[in-house]
Amino acid sequence: MKKIIVFSALSFVVGFFVSNFFSKKISQEKSIQEVHQKKEGYRFISPLLECSVSENSSDKKIVTLKNIILDKLEEKTKEGKIKTGSVYFRDLGDGPWFGINEEEAFTPASLLKLPVLIAYLKEAETRPEILGEEIKIRKENLSSETNVTTLMKLKAENNYSIEELLNRMIIYSDNDSFNSLVANIEFEKIKKINDDLSFPTPTESTPQDYVSAKAYAGLFRILYNSSYLNNEMSEKALIILSKAKYDKGISAGIPDKIFVSHKFGIRKSSESEESQLHDCGIIYAEKNPYLLCIMTKGNNLDSLSETIMDISKIVYEEIN
């Protein structure tokens, strides 16, 4: 029960200050060359073979894209649509990237479900039968909330396979599946995944805001490069993430035909608190895939969603 609690704790003047707030935190991109292995039979991964970094920033297209998004963030802030926003972008074809406030801390919320998926798939590398094993759902792991995207809630005392629960947890962001999966696995196994991937592990003393766009984007890059899970399990993870039933974030800004492997997180506010909305993932654009992670804070979830959609649309149109 302790583990569940831990993981759930899952004008001119204005223009001047907004501009300075964002511009001071823009990362300097570097010219990076990556060599990827093309694996037949795999659609979502591209294992990394070699990577070299140059100190000279030479990609004018990336600099232009960064400045366009910076302007959009300033516009949204002055309009009151957001309080703050963070963006991390990486071209997965040859590696150039940029960040805007990419180290700022946010509340992860449902973003915490991805490390749980990775933990189970890591186990499945050596013990594939684990995905077929069943978990009996305990009443204390069921929430009173109803996820409108889930066709049917889990039922107490019923058995569900781990693979079905993993799919429900990611595709529908189902909290009951998340709680049940966390209760079924040793906390140290999930902590090891986080430690291995340099991702923060939540504790009872952890502030609500402790995850950055850059850190979370790293999880997707690791899956795409197949550098932690093997090829089969990395592909499996990105396939599940490509089925996520959330179309108000980054996927809303691109054509329906484009695959997006992503995970969103929402922290709804009370009357006295701000809301947060994040969406991070890989967009499999026609020319080459890219990684985009956007985290936002504000008073209205619809405005946050609109901001993420607008930024995603800008990136897609510029990249293509």
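Analyst: A residue counts as buried when its relative accessible area is under 20%, as exposed when it is over 50%, and as partly exposed in between, using a 1.4 Å probe and protein chains only. The model is predicted, so local features need pLDDT of at least 70 and side-chain atom pairs count only at pLDDT 80 or more, while totals for chains, interfaces and linings use all residues. Residues are numbered from 1 along each chain as its sequence is written, and side-chain values rest on heavy atoms, with hydrogens and water left out.

User: Which residues of H6 are buried?

Analyst: Helices are DSSP runs of H or I with at least four residues, strands are runs of E with at least two, and both are numbered from the N terminus. Seven of the ten residues of H6 are buried, so this helix is largely enclosed by the rest of the structure. The residues in question are Asp176, Ser177, Phe178, Asn179, Ser180, Leu181 and Val182.

User: How many residues apart are Lys153 and Asp176?

Analyst: Asp176 is buried at a relative accessible area of 2%, whereas Lys153 is partly exposed at 30%. Their side chains meet in a salt bridge, N to O 2.8 Å, where the term requires a side-chain nitrogen of Lys or Arg within 4 Å of a carboxyl oxygen of Asp or Glu. The pair links distant parts of the chain, with Asp176 in helix H6 (residues 175–184) and Lys153 in the loop between strands S5 (134–136) and S6 (159–161), and the two are apart by 23 residues.

User: Which residues do salt bridges that share partners join into one network?

Analyst: The search of the whole structure finds 19 salt bridges. Those that share partners join into one network the residues Lys76, Glu79, Lys81, Glu306 and Asp310.

User: How many residues in sequence separate the parts that Lys214 and Glu103 tie together?

Analyst: Lys214 is partly exposed at 31%, while Glu103 is exposed at 53% relative accessibility. The two form a salt bridge whose closest N and O atoms are 3.9 Å apart. Because Lys214 belongs to helix H8 (residues 213–225) and Glu103 to the loop between strand S4 (97–100) and helix H4 (113–126), the parts tied together are apart in sequence by 111 residues.

User: What is the handedness of the link between Cys280 and Cys293?

Analyst: A disulfide is taken as a pair of cysteine sulfur atoms within 2.5 Å, and Cys280 and Cys293 are joined by one with S to S 1.9 Å. Cys280 lies in strand S8 (residues 275–283) and Cys293 in strand S9 (residues 290–298), so the pair ties together parts that are 13 residues apart in sequence. Both cysteines are buried. With 40° about the S-S bond, the link of Cys280 and Cys293 is right-handed.

User: Which residue of S9 is the bridge partner of Thr84?

Analyst: All eight residues of strand S3 (residues 84–91) are buried, so the strand is largely enclosed by the rest of the structure. Thr84, Ser86, Tyr88 and Arg90 point one way from S3, and Gly85, Val87, Phe89 and Asp91 point the other way. Strands count as paired if DSSP finds at least two bridges between them, and S3 and S9 pair in the antiparallel sense over eight bridges. In S9, the partner of Thr84 is Lys297.

User: What phi does Glu157 have?

Analyst: Most residues other than glycine have a negative phi, and most peptide bonds are trans. Glu157 is found in the loop between S5 and S6 and is exposed at 52% relative accessibility. Although Glu157 is not a glycine, its phi is positive, about 75°.
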